[in-house]
2 protein chains.
Amino acid sequence: MFAGLSAFPLTPLRNDEVDEVAYAGLIERLVAAGVDSITALGSTGAYPYLTTDERRRVARVALEHAGSVPVVVGVGALRTSQVIGLARDAADAGASGVLLAPMSYQPLTDDDVFGLYEDVAAAVPLPVIVYDNPGTTHFEFSDALYARIAQLPNIASIKIPGVPAEPDAARARVEQIRSAVSDRVTIGISGDASAARGLNAGCDTWYSVIGGTLPEAALAICRAARSGDAAAAMAESDRLQPLWDLFAEHGGSFRVIAAIAELGGLVTPNSLPLPVRGLDRTARDRVARVVRELGLIPPA
Amino acid sequence: MFAGLSAFPLTPLRNDEVDEVAYAGLIERLVAAGVDSITALGSTGAYPYLTTDERRRVARVALEHAGSVPVVVGVGALRTSQVIGLARDAADAGASGVLLAPMSYQPLTDDDVFGLYEDVAAAVPLPVIVYDNPGTTHFEFSDALYARIAQLPNIASIKIPGVPAEPDAARARVEQIRSAVSDRVTIGISGDASAARGLNAGCDTWYSVIGGTLPEAALAICRAARSGDAAAAMAESDRLQPLWDLFAEHGGSFRVIAAIAELGGLVTPNSLPLPVRGLDRTARDRVARVVRELGLIPPA
């Protein structure tokens, strides 16, 4: 289940409430496109901004509309007991796994983070994906900590934040992680701009932001790489460089992918959780031009 | 109300639930010591780790036990609507003001943060303290943003993260902020190690971690500085240098001040919210030695 393209849908808001109808539509689009799995309530799915009740409902909507596609549910929270409650809710809803980032407010130590995974893995009998996302969690994993956590029961995958640009260095980096962790733990790339490089370097999975909103574009890269056609994967990724540039300019993919979904009519305007504001008019116009030029406007 | 020593009590947990009896005791100690105000649910009070219900109850316990001492309540959260809900709860409980840090998961822009303060100030008729704490929020305020926010109604104070070590530079820095913001906005220093320097440089308030657990030590510094005896304030701060060193070694004051409260019997062991672990035995022994040598062990 943790191989291939895992698509991360937005969780759209409408007047500060989850738009469950639009969300169900996003899930159904991903199923129709043929993604390998869906990760509900990832960072793209705005998990930390939602209440426990909202998260429970979103997980249930995702499961109800995903058909036979496996659904992973993000369960990160600042307090271990809250994470365990969310993971139990995900299990009750029928999730195939949980995605867990070590969210922080007070800086966390390696022992804190190991303890978090230990407690969650012991409490909930679901595969756990370790979510290494220093840009939002402000926690830096070491390979030694990957190795320690990977020995816990139920740890199924590690979502790494990127690989070096140069192909040999990227392959060496993936091999380095693989030699540190148990064979049963898959390695998934995130940071869409480096996804083709990561897959070409041997990552099993792409935990993908664009996969949640532009699944065809993500599948083109993923299938080329997974079939061994590294050049085709890189060519398709290079073609999308103007999109990666927009992500970099706006401090990450979150606001840009929401703007794309809004432009395509998949969600209503102002879909992000305040205080995070959507892109302003000028930036939105540029996004519209880029996605149009790349042929990426999603059908409404 | 926002001048002098504002004491930040811990919110102790016991078996992952707020220990309301111990918390009431912490509040009563602060009242007896004569602090100028109490800030419940600051970073020291673990606000981001608690549920909305827990925060509502903690605010009520603080207000019930604070007598005539003004109580400010921390209302930070990742989503604006949650902040507004918490601020309304604080107003209902009788708080004299709210403390608001721009918590982040996705990086925030200046416009996001301005919009947060604008929306909260418009929704709740209570004085707002702007909480600039980049070590936990990962948001950096500029003086221009201070100025923009200070023009909003209800903005009462800015809690700044520190001042330069050199006295003239510290005074210049405080003057610089003062010239940027409205006269009705007070300036408070945080980062206990630089509190004496900040107060000597003209800050109106000390938003104090040690004030919440070791109020006499904090009052000695604060009263000396506020009475114009800069040398006495610095001497007392310098005397506590081993404590400041412990804060620096452990990534901030949070784990150290909890260990002190646990050692003094003010709260039960393991009072912090997991995954944040308390100090290990070795570190705890060092803390015990330092507070004993400084004569700081709080009476149980």
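Figure 1. At 17% relative accessibility, B:Asp204 counts as buried, where buried means under 20% relative accessible area, exposed over 50%, and partly exposed in between (1.4 Å probe, protein chains only). B:Arg178, at 24%, counts as partly exposed. The two residues form a salt bridge, with their closest N and O atoms 3.3 Å apart; the term stands for a side-chain nitrogen of Lys or Arg within 4 Å of a carboxyl oxygen of Asp or Glu. B:Arg178 lies in helix H7 (residues 167-180) of chain B and B:Asp204 in the loop between helix H8 (195-200) and strand S10 (205-208) of chain B, so the pair ties together parts that are 26 residues apart in sequence. Helices (H or I, at least four residues) and strands (E, at least two) are DSSP runs, numbered from the N terminus. This is a predicted model, in which local features need pLDDT of at least 70 and side-chain atom pairs count only at pLDDT 80 or more, while totals for chains, interfaces and linings use all residues. Residues are numbered from 1 along each chain as its sequence is written, chains are lettered from A and ligands numbered from 1 in the order in which they are written, and side-chain values use heavy atoms, with hydrogens and water left out.

**Figure 2. The interface of chain B and chain A.** The contact (heavy atoms within 4.5 Å) takes 38 residues from chain B and 38 residues from chain A. Between them the two chains bury about 3,400 Å², 50% of it on carbon and sulfur atoms. Buried area here is the accessible area (1.4 Å probe) that two parts lose on being put together, summed over both. In chain B, the residues that lose the most area to chain A are B:Tyr49, B:Arg79 and B:Tyr105, together 25% of what that side buries.

**Figure 3. A salt bridge between B:Arg79 and A:Glu54.** The closest N and O atoms of this pair are 2.8 Å apart. B:Arg79 lies in the loop between strand S5 (71-74) and H3 of chain B, and A:Glu54 in helix H2 (residues 52-65) of chain A, so the pair joins two chains. Both B:Arg79 and A:Glu54 are buried. A network of salt bridges links A:Asp16, A:Glu54 and B:Arg79.

**Figure 4. A salt bridge between A:Arg79 and B:Asp16.** Here the closest N and O atoms are 3.1 Å apart. A:Arg79 is in the loop between strand S5 (71-74) and helix H3 (80-93) of chain A, and B:Asp16 is in the loop between strand S2 (13-14) and strand S3 (17-18) of chain B, so this pair joins two chains. A:Arg79 is buried, with a relative accessible area of 2%, whereas B:Asp16 counts as partly exposed at 31% relative accessibility.

**Figure 5. A:Arg255 and B:Asp112.** The side chains of these residues meet in a salt bridge (2.7 Å, N to O). Across the interface of chain B and chain A the rule finds six salt bridges. Helices H3 (80-93), H4 (110-123), H5 (134-137) and H12 (254-263) of chain B are the elements that give two or more residues to the side of chain B that touches chain A. H4(B) gives the most, with five residues.

Figure 6. A rotation of 180 degrees with 0.0 Å of shift along its axis superposes chain B on chain A (RMSD 0.0 Å), the copies being superposed by least squares on the C-alpha atoms of residues with pLDDT of at least 70 in both. That is the relation of a two-fold axis. Of the residues of chain B, B:His138 comes closest to the rotation axis, at 4.2 Å (C-alpha).
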